[in-house]
Amino acid sequence: MKAVISVIGKDKVGILASVSAKCAEYNVNILDVSQTVLRDMFTMIMLLDIDGVSVEFGTFAGIMQDFGGEIGMEIRVMHEDIFNSMHRI
């Protein structure tokens, strides 16, 4: 199974590294990353393989959202099925 994670906030050093490390902590593999900086705003979308996630998906999504608050970013995790359904309508 796959999931999509988005990260948005003020640019600073180490965002990609910290989000990647948090994913690795829960055995989530990053398949692809797209990031850009628009003036001083950082945006990133990651495609994740969640087959091996060490907690329930909803728990992981909540952990990542809370982690975003800790690092001053907005982090949202969406299961691939929901992401795909939203974009078919």
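Predicted model: local features only at pLDDT ≥ 70, side-chain atom pairs only at ≥ 80, totals over all residues.

1. The largest nonpolar core comprises 22 residues, and Val19, Leu48, Phe60 and Ile75 have the most contacts inside it. At least two residues of this core come from each of β1 (2-10), α1 (15-25), β3 (41-49), α2 (57-71) and β4 (73-79). The element that gives the most is α2, with 5 residues.

2. Apart from neighbours within four places in sequence, Leu48 is in contact with Met1, Lys2, Ala3, Ile5, Cys23, Val28, Asn29, Ile30, Leu31 and Phe60.

3. The axes of α1 and α2 lie 11 Å apart, and the two helices pack at an angle of about 150°. Angles over 145 degrees count as roughly antiparallel, and α1 and α2 are therefore roughly antiparallel to each other. Their crossing is right-handed.

4. From α1, the residues Ser18, Val19, Lys22 and Cys23 meet Phe60, Ile63, Met64, Phe67 and Ile71 of α2. Sorted by class, this contact has 7 nonpolar, 1 polar and 1 charged residues.

5. Gln35 belongs to strand β2 (residues 29-38). Its relative accessibility is 44%, so Gln35 counts as partly exposed. Leaving out neighbours within four places in sequence, Gln35 is in contact with Leu16, Phe42, Thr43 and Met44. Gln35 and Ser6 are separated by 29 residues in sequence, with a C-alpha to C-alpha distance of 9.6 Å.

Key:
Residues numbered from 1 in each chain as written. Heavy atoms only, no water. Core = buried A, V, L, I, M, F, W, Y, C linked by side-chain atoms within 4.5 Å. Buried < 20%, exposed > 50% of the residue type's maximum accessible area, 1.4 Å probe, protein only. Helix = DSSP H or I, 4+ residues; strand = E, 2+ residues; numbered from the N terminus. Contact = heavy atoms within 4.5 Å. Axes fitted to C-alpha atoms, helices over the stretch in contact; angles between N-to-C directions. Parallel < 35°, antiparallel > 145°, perpendicular 65-115°, else oblique. Left-handed = near helix turned anticlockwise from the far one by under 90°. Nonpolar A, V, L, I, M, F, W, Y, C, P; charged D, E, K, R; others polar.
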